[in-house]
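Student: I would like to go through this structure one question at a time. Please show it before we start.

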Amino acid sequence: MVKRIQNIKKRIQEAADRCGRDPSTVRLVAVSKTIPIDRVKEAIEAGMTVLGENYIQEAREKFNRLATYPVSWHFIGHLQSNKAKYAVRLFDMIHSVDSLKLARELNKQAQKNAKIQNILIQINISKESSKSGVDAANVLDLIDQVCHLENLSVKGLMTMPPFFNDPEKARPYFSALRNLRDRIRQAAPPEITLDELSMGMTGDFEVAIEEGATLVRIGTAIFGERR
Ligand SMILES: *Cc1c(COP(=O)(O)O)cnc(C)c1O
């Protein structure tokens, strides 16, 4: 695993170099969904500092057993409002906020926990009906409302393009997310800087970095195929 992680870091560095970006502006989120605790530990010991989880129940168990490790937990899966309570307790960043209803519930729970919850807005950039996320056309409205929720801090946008064997085919979706971010930034209140772009996975993270990703969510390239 150490070798794999070294290799990914090198590829991140090279992708950043290609487009004149500082590699330290790209954070690697190790996606540990369905991966057993011992392997997650191994990844932490190999230097991973941000873990991405998709399922609340699974994340709670892992969190309890890995509580002594100095890692940051990010939620990247689909989140139902009735799980907001747990999400706020466990996660430093929630990548998948896709409705005002969910945002309000997260805000309420964050208030209870005296916490400012960092969130990203998930965008359905490809408009596939199977994908969750807000339509690009509705993001500004959503952000206008979410920025009144005092215990939430909107840090940026997240997307998952359709799956392609050729990562170049994902590029237009990544650049569309960046362009959308740039447009919203101009129209949104100045305190909403939207610095984070969560995009890119095992198959396409280099292209995502070239298009401005600041958070790449990588599972398979670190842990191998999930069972
Ligand atoms: C599983 C998952 C990933 C990681 O995918 P890999 O192809 O294994 O790198 C990234 N983002 C989300 C939202 C996921 O669910």
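Tutor: What follows is a set of questions and answers on the core, the cysteines, the ligand and some single residues. This is a predicted model, in which local features need pLDDT of at least 70, side-chain atom pairs count only at pLDDT 80 or more, and totals for chains, interfaces and linings use all residues. Residues are numbered from 1 along each chain as its sequence is written, and side-chain values use heavy atoms, with hydrogens and water left out.

Student: Which residues touch the most other members of the largest nonpolar core?
Tutor: A nonpolar core is a set of buried Ala, Val, Leu, Ile, Met, Phe, Trp, Tyr and Cys residues joined through side-chain atoms within 4.5 Å. Buried means under 20% relative accessible area, exposed means over 50%, and partly exposed is in between (1.4 Å probe, protein chains only). The largest nonpolar core has 68 residues, and those touching the most other members are Leu106, Ile121 and Ile222.

Student: Which residues does isoleucine 121 touch?
Tutor: Contact means heavy atoms within 4.5 Å. Leaving out residues up to four places away in sequence, isoleucine 121 touches His95, Val97, Val134, Val139, Leu142, Ile143, Val154, Gly156, Leu157 and Met158.

Student: How many disulfides are there?
Tutor: A disulfide is a pair of cysteine sulfur atoms within 2.5 Å. Cysteine 19 is partly exposed at 31% relative accessibility, and cysteine 147 is partly exposed at 21%. By the distance rule, the number of disulfides is zero.

Student: How far is an oxygen atom of the ligand from an N or O atom in the side chain of threonine 220?
Tutor: Residues around the ligand (a heavy atom within 4 Å of it) include Val31, Lys33, Asn54, Arg217 and Thr220. A polar contact is a pair of N or O atoms within 3.5 Å; within protein, one must be able to donate a hydrogen and the other to accept it, and residues adjacent in sequence count only if both atoms are side-chain atoms. The side chain of lysine 33 has an N or O atom 2.7 Å from a ligand oxygen, and arginine 217 has a polar side-chain atom 2.8 Å from a ligand nitrogen. For threonine 220 and a ligand oxygen, the distance is 2.5 Å.

Student: What share of the ligand's exposed area does the protein bury?
Tutor: Accessible areas come from the Shrake-Rupley method with a 1.4 Å probe; for residues, only the protein chains shown count as cover. Taken alone, the ligand exposes 390 Å². The share of that area buried by the protein is 90%.

Student: Is threonine 159 buried or exposed?
Tutor: Threonine 159 is found in strand β6 (residues 152-159); strands (E, at least two residues) and helices (H or I, at least four) are DSSP runs, numbered from the N terminus. Its side chain reaches the backbone oxygen of isoleucine 123 at 2.7 Å, and among the residues that threonine 159 touches are Leu177, Ser198 and Arg217. With a relative accessible area of 0%, threonine 159 is buried.

Student: Why does alanine 114 count as exposed?
Tutor: Alanine 114 is in the loop between α5 (100-112) and β5. Its phi is near 50°, a positive value in a residue other than glycine. Alanine 114 counts as exposed because its relative accessibility is 72%.

Student: Where does lysine 127 lie?
Tutor: Lysine 127 is exposed, with a relative accessible area of 64%. Its phi is near 55°, a positive value in a residue other than glycine. Lysine 127 lies in the loop between β5 and α6.
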